[in-house]
Amino acid sequence: MTNPPSEPPPPTVDEPIAADTLPVRIAAAEAMRRLNHAMVAHETDPELLQRIAREANATAAIVEAGARRQRPIRQMKTQLWQTTPEEGQRLAHFEECMVSGRANPMGIAMQPRRQGDRIVADVNFGAAFEGAPKRAHGGAVAAVMDDIMGYVLLLTATPAFTGRLSISYRAPTPVQTDLVASAWMDRRDGRKVFLVGDLRTAEGDLIAEADALFVAIPRERLT
Ligand SMILES: CCCCCCCCCCCCCC(=O)SCCNC(=O)CCNC(=O)[C@H](O)C(C)(C)COP(=O)(O)OP(=O)(O)OC[C@H]1O[C@@H](n2cnc3c(N)ncnc32)[C@H](O)[C@@H]1OP(=O)(O)O
């Protein structure tokens, strides 16, 4: 006896999140981020933890039964570079980005915007991003600086990959505290784009400095 033919898998979706479902995706991701940080920062009864595991696994199985999604590259190769961000505009190169995507359930959810020739972002490292005691993980700080520098490229419509990134940690990066990251272009030499930036407290005290070399690439290499 032969096995019945299995259903073909639904086609993979590689479009940006549809406008009508974006708010609910963001709301779900926000709730999950809240739960993640709460689990790290609060005592929890074992019974509640068992319930969380049971319900999370059951929900994950339902989500996994849906069509697969993958990064929408077409939009990244075209639309992203066609308009220069307006002053104050909230920016998102894709909403599932681990640093600045609002729809990533385990991301940092940094909020970048244009401020003149700079990109400025509000960032608050939740409890789950702790590395050394009471300090955000140095790698999380580096990720924030890499991502915010990437947004500077939008101001000159220059697709580029990070070639080198250097961080000077000048003071502890507090967790669960509102901070401000900034980045701007220092200079350009052919394909080499030199970017700098910093991370400061809301009061303006320096926490970390970053400098990086991004190497410009043709859009076709954004695969
Ligand atoms: C992703 C961008 C989109 C942005 C969207 C907005 C927000 C984004 C937010 C996301 C942001 C996150 C962004 C990310 O996470 S990007 C992801 C992390 N980065 C990567 O994956 C990059 C991996 N590396 C490569 O793909 C290639 O090596 C690159 C493209 C970098 C260069 O390979 P390519 O074959 O094309 O160029 P080349 O080798 O002829 O070199 C050309 C020139 O550059 C100089 N050079 C090269 N590498 C280095 C180096 N490491 N240090 C110092 N210098 C270096 C080299 O000496 C030469 O100089 P010269 O000899 O001519 O003087």
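Predicted model: local features only at pLDDT ≥ 70, side-chain atom pairs only at ≥ 80, totals over all residues.
Analyst: Residues are numbered from 1 along each chain as its sequence is written, and side-chain values use heavy atoms, with hydrogens and water left out.

User: Which residues are closest to the ligand, and how many surround it?

Analyst: There are 17, and the closest are Gly 163, Arg 191, Lys 192, Leu 213 and Arg 221. A residue is near if one of its heavy atoms lies within 4 Å of the molecule. By type, the shell has eight nonpolar, four polar and five charged residues. Here Ala, Val, Leu, Ile, Met, Phe, Trp, Tyr, Cys and Pro are nonpolar, Asp, Glu, Lys and Arg are charged, and the others, Gly among them, are polar.

User: How many helices and strands does the chain have?

Analyst: Four helices and six strands. Both are DSSP runs numbered from the N terminus: H or I over at least four residues for helices, E over at least two for strands. Their order is α-α-α-β-β-α-β-β-β-β.

User: Why is Arg 54 called exposed?

Analyst: Arg 54 has 55% relative accessibility. Exposed means over 50%, buried under 20% and partly exposed in between (1.4 Å probe, protein chains only), so Arg 54 is exposed. Arg 54 belongs to helix α2, residues 46–64. In the whole chain of 223 residues, 35% are buried.

User: What makes the pair of Phe 125 and Phe 129 edge-to-face?

Analyst: The structure holds one aromatic pair. Its members are Phe 125 and Phe 129, 6.4 Å centre to centre with 75° between the planes. Rings of Phe, Tyr and Trp (its six-membered ring) pair if their centres lie within 6.5 Å; planes under 30 degrees apart are stacked, over 60 edge-to-face and the rest tilted. The pair therefore passes on distance, and its angle makes it edge-to-face. Both residues are buried.

User: How do you know that the charged end of Arg 71 sits over the ring of Phe 94?

Analyst: The distance to the ring centre is 3.4 Å. The rule asks for NZ of Lys or CZ of Arg within 6 Å of the centre and within 35 degrees of the ring normal. Arg 187 likewise lies over the face of Phe 194, at 3.9 Å from the ring centre.

User: What sets Lys 134 and Ala 157 apart in phi?

Analyst: Most residues other than glycine have a negative phi. Lys 134 has a positive phi of about 65°, and Ala 157 one of about 50°. Lys 134 sits in the loop between β2 and α4, whereas Ala 157 is in the loop between α4 and β3. Lys 134 is exposed at 69% relative accessible area; Ala 157, at 35%, is partly exposed.
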